[in-house]
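I opened the notebook for a look through this model, one topic at a time. Here is what I looked up, in the order I got to it.

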Amino acid sequence: MSHEVVIIGAGYAGLPAAKRLARQVWPDEVTVTLISAFGDFVERPRLHQLSVGQDIASNPLGQYLCGSTWWSPR
């Protein structure tokens with residue numbers, strides 16, 4: 001039997017949950033899909049810096065997921 005787990009949101013809870021779950025299941029039995037509205041990890045505590053015009057470093061989700069054997073960008 002095959003299962004599909006969909007995690008909506010790649011924030012402080014969704015990103016580690018997807019990584020942890022993907023490491024703990026058999027890839028041929030469970031598909032883990034992470035859905036995010038953004039291609040970058042949004043550091044919410046730093047958003048106030050954007051509002052005053054400061055630049056903050058972007059953190060592409062791929063840098064957190066590269067090295068994971070299950071990751072493929074779409």
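I began with E43, which counts as partly exposed at 22% relative accessibility (buried means under 20% relative accessible area, exposed over 50%, partly exposed in between, with a 1.4 Å probe and protein chains only). I found E43 in a salt bridge with R46, the closest N and O atoms being 3.3 Å apart; the term stands for a side-chain nitrogen of Lys or Arg within 4 Å of a carboxyl oxygen of Asp or Glu. R46 is also partly exposed, at 39% relative accessible area. I noted that side chains of opposite charge can pair when their charged atoms come close. The structure holds one salt bridge.

A note on ground rules: this is a predicted model, where local features need pLDDT of at least 70 and side-chain atom pairs count only at pLDDT 80 or more, while totals for chains, interfaces and linings use all residues. Residues are numbered from 1 along each chain as its sequence is written, and side-chain values use heavy atoms, with hydrogens and water left out.

**Layout**

I then listed the elements: the protein has three helices and two strands, in the order β-α-β-α-α from the N terminus. Helices (H or I, at least four residues) and strands (E, at least two) are DSSP runs, numbered from the N terminus. Of the 74 residues, 22% count as buried. I also looked at contacts, meaning heavy atoms within 4.5 Å. Among those between residues at least 6 apart in sequence, 62% join residues at least 24 apart.

**Helix α1**

Which residues of α1 are buried? In this helix (residues 14-24) I noted G14, L15, A18 and A22. They cover an arc of only 105° around the axis, so they sit on the same side of α1; the arc is that of the directions from the helix axis to the C-beta atoms. These buried residues pack against β1, β2 (30-35) and α3 (61-65). On the other side of α1, I found R23 and Q24 exposed.

**Aromatic rings**

My search of the whole structure gave two aromatic pairs. Rings of Phe, Tyr and Trp (its six-membered ring) pair if their centres lie within 6.5 Å; planes under 30 degrees apart count as stacked, over 60 as edge-to-face and the rest as tilted. Y12 and F41 form an edge-to-face pair, at 5.0 Å centre to centre and 85° between the planes. Y12 lies in the loop between β1 and α1 and F41 in the loop between β2 and α2, so the pair ties together parts that are 29 residues apart in sequence. F41 is buried, at 12% relative accessibility. Ring pairs link Y12, F41 and Y64 into a cluster.

**Q49**

Is Q49 buried or exposed? I have Q49 down as buried, because its relative accessible area is 17%. Q49 belongs to helix α2 (residues 47-51). Leaving aside neighbours within four places in sequence, I found Q49 in contact with Q54 and I56.

**Surface**

I8 lies in strand β1 (residues 3-8) and is exposed, at 72% relative accessible area. The accessible surface of the protein comes to about 5,600 Å², of which 55% belongs to carbon and sulfur atoms. Accessible areas come from the Shrake-Rupley method with a 1.4 Å probe; for residues, only the protein chains shown count as cover.
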